[in-house]
Amino acid sequence: MVKICCIGAGYVGGPTMAVIALKCPSINVAVVDISVPRITAWNSETLPIYEPGLDEVVKKCRGKNLFFSNEVEKNVAEADIVFVSVNTPTKTSGLGAGKAADLTYWESAARMIADVSKSSKIVVEKSTVPVKTAEAIEKILTHNNKGIEFQILSNPEFLAEGTAITDLLNPDRVLIGGREETPGGLKAIQTLKDVYAHWVPEERILCTNLWSAELSKLAANAFLAQRISSVNSMSALCEATGANVSQVSYAVGKDSRIGPKFLNASVGFGGSCFQKDILNLVYICECNGLPEVANYWKHVIKINDYQKNRFVNRLVSSMFNTISGKKIAILGFSFKKDTGDTRETPAIDVCRGLLLDRAQLIIYDPKVPEAQMMRDLSTPKFDWDQPGSTSPVSEDVITKNVKVVHNAYEATKDSHAICILTEWDEFKSLDYQKIYDNMPKPAYIFDGRNVVDVAKLRQIGFIVYSIGKPLDPWLKDMPAIA
Ligand code: UDX
Ligand code: ADP
């Protein structure tokens, strides 16, 4: 029986291994993590992450060929294939701070693999890493070996949160990078290919050299984020000219060379990958003497920051330039629907901006726990553009001015304005008449995800701002925003 061990039971490692276990009953899969609460949760009825369909997959396999454990070294030692899916955050200090990936967790995992291994292994990079990380890892492993052969593969994961299980069951492609030039490398590539071949059609399994695989992952995320910044930049122009960004996106996406997906204007993209991976790309370009290329990609993030600021400015300027003491309902805090993940969620920056203008926030999100929101708002913000700067919102302000509630009606009652920051389906079908009746007038809605029916809400009496849509007559008379 082939034995797989995955180091890191996070958003990537957990779901990916669960699907491998589901599709490969002949393979024994152990997912290990240093975090005791995480592993305890994976072994409980309430999994540590919310992901549609994940519970069912885990329930089918757990205890049969899928195991979650804190016994990292033992499971690594016994495995034939070791996936490394640890976190690789952006460095916050030292050389490359604000851009380079922090490979501390990766390096310590690699050293541990070298220390505990007694048999040959295939080591698979699953976390997104800078190009040529595999080479560095290879050095750590081979310089420590005791006659043991390590083959390094890069197998970046392309799943998106909220749709992880369907993405894993039916991937557009699986990418395997390895040392194609050596027989050992080719054999390792084939071994991993055989795992995926249990359910992925062969033509969708792409094999490349190591660096192409690593770079493809960074490039794919950069291209996706760039599409969002492109449409978001258009949304500002639409508001200024009276065009409708949804109509523009639809018309642009009808071009088969462009395609319709990933063209929704929003308050900004979030998630653990886009910003981190672009910054990583920027750093690699700078290190390789390519400042023009680095600057090109930097602007994708600058537009994203601009979009979040623009949203806050629009709200404040629409409400007579003051929101001091006004209640603002925040609907949605996660970075997208169908996940409880808040990493880099635009809600953090928007809420901070509103708190700086002394608003009182009443937040509701169907999946994000209150403690998580408070942690996110009070954790000093690391500004990628000016490393070292921190959040100017004090903990005292957050404790006094932020309240978390359990449904949208409670959040909106007596609020002067509503901000929709995540496109949760339930926000589309709220009883907006009832909500309007319970708000002081004028009642505002700022839709950062284009989920509401603007015409219907204006008919009820709301003043509605929807990203990239023709402005409400009320907003047109307000002073221009930055
Ligand atoms: C992304 C990539 O899609 C995935 O392939 C990679 O493996 C990890 O990074 P993820 O961050 O989970 O996945 O979610 P994604 O669906 O890409 O959304 C990222 C952000 O972009 C979200 O905040 C989302 O709301 C926003 N978005 C997405 C838009 O604002 N408009 C769109 O049209 C699409
Ligand atoms: P991702 O979204 O990439 O999956 P997460 O932060 O959700 O990232 O998960 C990474 C996991 O890796 C965390 O649960 C963390 O505890 C775990 N981890 C980090 N370093 C190690 C290590 N050396 N050994 C085992 N687990 C580790």
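1. A residue is called buried when its relative accessible area is under 20%, exposed when it is over 50%, and partly exposed in between, with a 1.4 Å probe and protein chains only. By this rule, 53% of the 482 residues of the protein count as buried.

2. The basis of the note is as follows. This is a predicted model, in which local features need pLDDT of at least 70 and side-chain atom pairs count only at pLDDT 80 or more, while totals for chains, interfaces and linings use all residues. Residues are numbered from 1 along each chain as its sequence is written, chains are lettered from A and ligands numbered from 1 in the order in which they are written, and side-chain values use heavy atoms, with hydrogens and water left out.

3. Overall form. The C-alpha trace spans about 75 × 50 × 45 Å along its principal axes. The radius of gyration, taken over C-alpha atoms, is compared with a globule rule of 2.2 Å times the number of residues to the power 0.38. A compact globule of 482 residues would have a value near 23 Å, and the protein, at 24 Å, agrees with this.

4. Secondary structure and contacts. The protein contains 19 helices and 14 strands; these are DSSP runs, numbered from the N terminus, with helices (H or I) of at least four residues and strands (E) of at least two. Contact means heavy atoms within 4.5 Å. Of the contacts between residues at least 6 apart in sequence, 76% join residues at least 24 apart.

5. Cysteines. A disulfide is a pair of cysteine sulfur atoms within 2.5 Å, and a search of the whole structure finds zero of them. For Cys287, the closest cysteine sulfur is in Cys285, and a bond is ruled out because the distance is 9.3 Å. For Cys419, the closest cysteine sulfur is in Cys351, and 7.7 Å is likewise too far for a bond. Cys287 is exposed, at 51% relative accessible area, whereas Cys419 is buried, at 0%.

6. Helix H3 and Leu54. Both Leu54 and Lys59 belong to helix H3, which covers residues 54–61. Leu54 counts as buried because its relative accessibility is 0%, while Lys59 is partly exposed, at 49%. Residues up to four places away in sequence being left out, Leu54 touches Pro15, Ala18, Trp42, Leu47, Ile49 and Ile165. Pro15 is 39 residues from Leu54 along the chain, yet their C-alpha atoms are separated by 6.7 Å. The C-alpha atoms of Lys59 and Leu22, 37 residues apart along the chain, are separated by 10.0 Å.

7. Helix H11 and Asn280. Asn280 is found in helix H11 (residues 274–287). Its relative accessible area is 2%, so Asn280 is buried. Beyond its neighbours within four places in sequence, Asn280 is in contact with Lys99, Ala101, Val129, Pro130 and Leu218.

8. Backbone geometry in loops. Most residues other than glycine have a negative phi, and most peptide bonds are trans. Lys132, although not a glycine, has a positive phi of about 80 degrees; Lys132 is found in the loop between strand E5 (121–125) and helix H6 (133–143). Lys132 is partly exposed, at 38% relative accessibility. Phe320 also has a positive phi, near 60 degrees, and is found in the loop between helix H12 (291–318) and strand E9 (327–331). The peptide bond from Lys441 to Pro442 is cis, with omega near -5 degrees. Pro442 is in the loop between helix H17 (432–437) and strand E13 (444–447).

9. Two further loop residues. Glu203, in the loop between helix H8 (183–196) and strand E8 (205–209), is exposed, at 64% relative accessible area. Glu203 and Val174 are 29 residues apart in sequence and 9.5 Å apart, C-alpha to C-alpha. Thr163 lies in the loop between strand E6 (150–154) and helix H7 (164–169) and is partly exposed, at 36%. Thr163 and Ile140 are 23 residues apart in sequence, with 35 Å between their C-alpha atoms.
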